[in-house]
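Please look over the structure shown below before reading on.

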Amino acid sequence: MERLIVATNNNGKLEEISAILGSHFCVLGMKDAGIDMDIEENGSTFVDNARIKARAIHELIGGHVLADDSGLCIDALNGAPGIYSARFFGKDSTYEEKFIEINRLLDGVPEDNRTAQFVCAIVYIDSNGKEVIAEGRVDGVLLATPRGRKGFGYDPIFYIPELRKTTAEISDTEKNMISHRGRALYHLLQLLETENK
Ligand code: IMP
């Protein structure tokens, strides 16, 4: 099976990616591949940032490489925090503090307009340097009070009306099926399978 290096050191992300792409590739993170580098994500879109990470690894060691970039886009805030999700309200603020700041910014916004999406862009580069881009998103509504202890980041306030749960109240398996990253990975698989036909 061919190796696929994923531009991340986040084990949760790696597991999610392995669960979906593991039957097609031997999925390795940066650490497993012996890569120790800090990549500055200075792009202006999710695709830009994913491409910056994928290209940096590909230029370093070649082979098949994948990188993703994701975030929370709030409609009433014109898509913010978007690519700045991790750094929103200061990179050292806790998520509880970020949730309070979101409520402050959304003060006066009617309940029905507290809509948001989790968005994920994936850039895959094959051993010849050819790029495939895949994207996924999931729609939700932002709760004023966090719910659930699973997941990470903004999950406790991201409520999916169809499930009647936040993404912090569903299992990892369930989240992989409906999440922005899961959808982007299935989209990538489809694109790769179409290319190989
Ligand atoms: P990155 O793609 O690892 O750079 O993630 C960017 C940031 O977006 C994370 O640090 C979280 O704040 C947010 N984020 C991305 N995906 C999720 C998710 O599935 N749940 C909750 N927050 C997320």
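Glu-101 counts as buried, because its relative accessible area is 12%, where buried means under 20% relative accessible area, exposed over 50% and partly exposed in between, with a 1.4 Å probe and protein chains only. The residue is found in helix 3, which covers residues 95–105; helices (H or I, at least four residues) and strands (E, at least two) are DSSP runs, numbered from the N terminus. The side chains of Glu-101 and Arg-104 are joined by a polar contact of 3.0 Å, a term for a pair of N or O atoms within 3.5 Å, of which, within protein, one must be able to donate a hydrogen and the other to accept it, while residues adjacent in sequence count only if both atoms are side-chain atoms.

This is a predicted model, in which local features need pLDDT of at least 70 and side-chain atom pairs count only at pLDDT 80 or more, whereas totals for chains, interfaces and linings use all residues. Residues are numbered from 1 along each chain as its sequence is written, and side-chain values use heavy atoms, with hydrogens and water left out.

## Residues in other helices and loops

Ser-18 lies in helix 1, residues 11–21, and is partly exposed, with a relative accessible area of 29%. From Ser-18 to Gly-29 there are eleven residues in sequence and 9.9 Å in space, C-alpha to C-alpha.

Asp-38 has its place in the loop between strand 2 (26–28) and helix 2 (46–61), and it is exposed, with a relative accessible area of 83%. Its C-alpha atom and that of Lys-53, 15 residues apart along the chain, are separated by 9.5 Å.

## Backbone features

The loop between strand 3 and helix 3 holds Asn-78, whose phi is near 55°, a positive value in a residue other than glycine. Asn-78 counts as exposed, at 77% relative accessibility. Pro-81 lies in the loop between strand 3 and helix 3 as well, and a cis peptide bond with omega of about -5° joins Ala-80 to Pro-81.

Arg-164 also has a phi near 55°, a positive value in a residue other than glycine. It is found in the loop between strand 6 (158–160) and strand 7 (165–166), and at 65% relative accessibility it counts as exposed.

## The ligand site

How many residues surround the ligand? There are 15, and the closest are Lys-13, Ser-70, Tyr-95, Asp-155 and Lys-175, where a residue is counted as near if one of its heavy atoms lies within 4 Å of the molecule. This shell divides into five nonpolar, five polar and five charged residues. Strand 3 (64–74) and helix 5 (180–196) each supply at least two residues of the shell, and strand 3 gives the most, with three residues.

Oxygen atoms of the ligand lie 2.6 Å from an N or O atom in the side chain of Tyr-95, 2.8 Å from a polar side-chain atom of Lys-175, and 3.5 Å from an N or O atom in the side chain of Asp-69. Taken alone the ligand exposes 480 Å², and the protein buries 88% of that area, as computed by the Shrake-Rupley method with a 1.4 Å probe.

Key: Ala, Val, Leu, Ile, Met, Phe, Trp, Tyr, Cys and Pro count as nonpolar, Asp, Glu, Lys and Arg as charged, and the others, Gly among them, as polar.
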